[in-house]
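Hi,

Here is the structure I promised to pass on. Have a look first, and then read on for what turned up in it.

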Amino acid sequence: MAVNGKKIAIYALVVFVLYVIITDPETAADYVQIGFEGISSAAQAIGDFMSWIADGAQN
């Protein structure tokens with residue numbers, strides 16, 4: 001039963017994403033840009049943290 005619910009949720013998400021892309025491509029592009037900016041910021045923060053650790057965790 002849970003697998004069917006998961007499949008339905010995935011299909012609904014895919015249909016929604018396609019609907020947004022088809023009806024308003026500019027907004028969809030904005031969403032993608034926001035997502036990539038978030039990923040980029042997270043990667044930068046992880047890099048800064050690892051550099052801080054490698055430098056001996058000094059302020």
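Accessible areas here come from the Shrake-Rupley method with a 1.4 Å probe, and for residues only the protein chains shown count as cover. On that basis the chain exposes about 5300 Å², with carbon and sulfur atoms supplying 70% of it.

A word on the source: this is a predicted model, in which local features need pLDDT of at least 70 and side-chain atom pairs count only at pLDDT 80 or more, while totals for chains, interfaces and linings use all residues. Residues are numbered from 1 along each chain as its sequence is written, and side-chain values use heavy atoms, with hydrogens and water left out.

**Overall shape**

The chain has 2 helices and 0 strands (DSSP runs numbered from the N terminus, H or I of at least four residues for helices, E of at least two for strands). Its radius of gyration is 19 Å, whereas a compact globule of 59 residues would have one near 10 Å (taken over C-alpha atoms; the globule rule is 2.2 Å times the number of residues to the power 0.38). The C-alpha trace spans about 50 × 35 × 10 Å along its principal axes. Buried residues account for 3% of the 59 (buried is under 20% relative accessible area, exposed over 50%, partly exposed in between).

**Helix α1**

Ile22 sits in helix α1, residues 2-23, and is exposed at a relative accessible area of 67%. Val15 is also placed in α1 and is exposed, at 55%.

**Helix α2**

This helix has 30 residues and reaches 43 Å from its first C-alpha to its last, close to the 44 Å expected at 1.5 Å a residue (the expected span is 1.5 Å times one less than the number of residues). Gly56 follows α2 and has a positive phi, near 95°.

The whole structure holds 1 aromatic pair (ring centres of Phe, Tyr or Trp, the last by its six-membered ring, within 6.5 Å; planes under 30 degrees apart are stacked, over 60 edge-to-face, the rest tilted). The rings of Phe49 and Trp52 have centres 5.9 Å apart and planes at 35°, so the pair is tilted. Both lie in α2 (residues 25-54), 3 residues apart, about one turn of the helix. Phe49 is partly exposed at 44% relative accessible area, and Trp52 is partly exposed at 36%.

Best wishes

How values were computed: Buried means under 20% relative accessible area, exposed over 50%, partly exposed in between (1.4 Å probe, protein chains only).
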